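Please read it alongside the sequence and the structure.

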Amino acid sequence: MFRDRFWLSLALTIPIIFYSPMIQEWFGYTAPAFPGSEWVGPVLGTVIFIYGGMPFMRGAAQEVRDRQPGMMLLIGMAITVAYLASLATTIGWFDLDFWWELAALITIMLLGHWMEMRAIGQARGALAALAELLPDEAERIIDGEPETVPISSLAVGDLVLVRPGARVPADGVITTGGAEMDESMVTGESKPVPKGIGENVVAGTVATDSAIRVEVTAVGDDTALAGIQRLVAEAQLSRSRAQVLADRAAALLFYVAVGAATITAIVWWALGQPEDAVTRTVSVLVIACPHALGLAIPLVISISTGLAARNGILVKDRLALERMRTVDVVLFDKTGTLTRGGHVVVDVAAIDGDAEKVLAVAAAVEADSEHPLARAIVAAAARGPVTAATGFRSMSGRGVEATVDGASVAVGGPALLRDRGLERSPDLEKTVFGWEERGAAVLYVIRENEVFGAIALEDEIRPESRQAVDELHRLGVRVGMITGDARQVAASVAAELGIDEVLAEVLPEDKHSKVAELQDRGFTVAMVGDGVNDAPALAQADVGIAIGAGTDVAIESAGIVLASDDPRAVVAIRRLSSAGYRKMLQNLVWATGYNVVAIPLAAGALAWAGMVLGPAASAILMSVSTIVVAINAQFLRGLDLGVSRTG
């Protein structure tokens with residue numbers, strides 16, 4: 001709308017300026033005359049006022065109806081006064097050459113608004129980029145053969161083929177094959193993630209190296225990508241405290257401008273200079289337009305939420321992002337947040353010193369077990385020699401047993417030792433005591449009714465967690481951890497990561513009260529969690545941050561959602577919060593300070609010194625102010641959020 005009106009207004013402004021008597025006098029030329037050439041200004045100026053000024057007049061009318069005076073009402077008043085003054089000049093009431101100033105004023109205003117809309121549109125390009133992640137078509141498997149169909153025809157339960165290099169058309173579960181999935185466009189993580197049978201894949205991600213077959217579990221608005229789009233859109237439309245402040249400043253500026261314009265008109269008219277009264281009144285109304293003020297906050301919001309989305313940070317609540325800069329303590333849930341939520345083998349002890357053999361034998365016995373600890377042992381032994389087992393059987397509450405290389409082998413916990421009346425050797429007992437002190441789960445390997453060795457398993461700490469804690473410390477933020485695990489387990493993780501405050505053995509229903517206790521001690525708390533039992537704590541915290549891989553309940557309770565499991569994204573939120581708020585304040589200070597200084601100049605306070613701002617010059621300076629604000633906000637795009645990607 002503003003672009004088309006700008007170009008037509010510009011085309012009409014050129015002949016108005018060319019035939020302006022004042023411009024001809026300034027530049028010493030005489031425009032060629034033709035019948036009716038004296039009407040170039042009035043006719044074309046009226047067209048510009050009606051066509052080019054229409055968006056401003058409509059906006060002014062809306063602000064009057066809403067009883068919320070602001071930028072559009074000021075612009076509407078300015079161009080109306082300028083038009084009426086131009087008509088009065090044509091009639092002969094004033095000796096002013098004002099048509100060219102009216103035309104230039106409206107044209108420059110249209111240019112400024114066009115640039116503003118372009119800037120905001122570019123900032124909201126994150127939404128379009130997300131929409132473009134989805135392919136137009138999918139290969140649906142029908143009777144064992146792929147058939148190309150529009151993705152709009154996919155339904156839950158359909159089976160689709162995703163070829164190497166192709167995008168997943170809908171959320172689903174891999175049923176055949178495995179591939180390295182590029183999820184960077186959704187999570188911000190640059191390293192491909194290996195996915196196999198039974199694992200979830202998200203619409204828009206790319207199978208980089210192999211073909212997979214995926215059973216569709218969500219389509220359309222129910223996909224994770226659609227959810228991300230909704231969050232980004234809602235965040236960009238949401239209001240922040242700084243936006244409320246800007247709106248109040250714009251309303252106040254309206255009354256200041258009207259008051260200043262009235263005083264200007266009265267003073268200059270009383271001085272016997274009605275032409276100057278009109279000119280300077282229009283200049284005051286133009287220079288007071290809170291154009292930059294109207295752009296100062298929305299543009300920063302749009303850029304920051306788009307930048308966040310590209311880095312896997314989904315802002316549901318703008319106030320949550322704004323509050324993050326004031327957080328004193330970040331409280332992490334342990335399991336699934338700082339740790340992976342799954343055990344891995346961390347140590348192996350062997351009576352005969354052959355730890356690799358102990359692990360291989362234990363993996364052979366556990367190969368047919370579905371227990372999480374069994375899968376961890378099998379995964380750890382996958383890099384070594386493979387040993388086969390026969391006669392697998394499970395012993396409820398004690399462990400499992402099978403025959404390996406002709407020998408009976410059992411794997412289980414302390415209950416298995418007690419059941420068989422076996423004792424640990426002094427050396428093994430000392431080793432196991434150290435494991436148990438740090439909270440590791442211990443399984444014993446028994447061969448032919450003798451203790452053959454032991455295996456320690458722990459919930460694996462995410463490699464990114466240490467960096468996240470260190471970065472938060474560098475930013476002056478304390479780091480806490482809350483968990484239902486035993487104190488020795490929590491203490492072990494805390495010691496390894498350098499965590500300041502540990503809340504262990506906390507029941508799920510008590511997590512929110514622990515957050516409240518920290519708040520009662522004067523801390524501003526951000527809570528990071530992923531489970532159902534974290535939801536009350538996320539809601540209680542000043543800033544709730546949900547891990548995107550977590551439950552819907554946790555996500556609904558949070559103000560910010562991390563699309564990936566990387567805890568370093570919390571550091572990025574802090575950096576973005578601080579940088580965005582700085583940009584908002586810088587823009588507010590510039591926009592309001594500019595008006596405070598410029599209004600007296602436009603009113604003619606320094607006319608005695610030869611410093612006078614005409615309406616056109618005022619419009620140019622007002623647009624320059626807008627450009628400064630827009631450029632300052634654009635610097636946010638180059639912000640390094642401080643999350644170094646793995647891989």
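Helices α11 and α24 are roughly antiparallel to each other, because their packing angle is about 170 degrees and an angle over 145 degrees counts as roughly antiparallel. Their axes lie 8 Å apart. The model is a predicted one.

**Packing of α11 and α24**

- Helix α11 spans residues 274-287, and helix α24 spans residues 569-603.
- On the α11 side, the contact is made by R280, S283, V284 and I287.
- Two packed helices are described by the angle between their axes and the distance between the axes.

**N632 in α25**

- Helix α25 covers residues 615-634, and N632 is found in it.
- Is N632 buried or exposed? N632 has a relative accessible area of 15%. The cut-off for buried is under 20%, so N632 counts as buried.
- Which side chain makes a polar contact with the side chain of N632? The partner is the side chain of Q586, at 3.2 Å.
- Leaving aside neighbours within four places in sequence, N632 is in contact with K583, Q586 and N587.
- Helix α24, at residues 569-603, is the helix already described in the packing with α11.

**The sheet of 3 strands**

- This open sheet has the order β6-β5-β8, and its pairing is antiparallel.
- β6 (193-195) and β8 (206-207) stand at the edges. Each has a single partner strand, so one side of each is left without a neighbour in the sheet.
- Strand β5 (residues 179-182) runs antiparallel to β6, and 3 bridges join them.
- A179 has K195 in β6 as its bridge partner.

**The sheet of 6 strands**

- The strand order in this open sheet is β2-β1-β3-β9-β4-β7, again with antiparallel pairing.
- Which strands form the edges? They are β2 (145-150) and β7 (200-201), and each pairs on one side only.
- Strand β4 (residues 171-176) pairs with β7 in the antiparallel sense over 2 bridges.
- Opposite G172 stands V201 in β7.

- Strand β15 (residues 407-412) has 5 of its 6 residues buried, so it is largely enclosed by the rest of the structure.
- Strand β14 (residues 399-404) is joined to β15 by 6 bridges, and the two run antiparallel.
- V404 has A407 in β15 as its bridge partner.
- The hairpin of β14 and β15 has 2 residues between the strands. In this hairpin, D405 takes a positive phi near 55 degrees.
- β15 also pairs with strand β16 (residues 441-447), in the antiparallel sense and over 4 bridges.
- The bridge partner of V411 is V445 in β16.
- In a regular strand the side chains alternate between the two faces of the sheet.

**The chain overall**

- The protein chain holds 25 helices and 22 strands.
- How many of the residues are buried? Buried residues make up 51% of the 647 residues in the chain.
- Among contacts in the chain with a separation of 6 or more, 68% come from residues 24 or more positions apart.

Note on methods. Residues numbered from 1 in each chain as written. Predicted model: local features only at pLDDT ≥ 70, side-chain atom pairs only at ≥ 80, totals over all residues. Heavy atoms only, no water. Axes fitted to C-alpha atoms, helices over the stretch in contact; angles between N-to-C directions. Parallel < 35°, antiparallel > 145°, perpendicular 65-115°, else oblique. Contact = heavy atoms within 4.5 Å. Buried < 20%, exposed > 50% of the residue type's maximum accessible area, 1.4 Å probe, protein only. Polar contact = N/O pair within 3.5 Å; in protein donor to acceptor, adjacent residues only side chain to side chain. Pairing = 2+ DSSP bridges.
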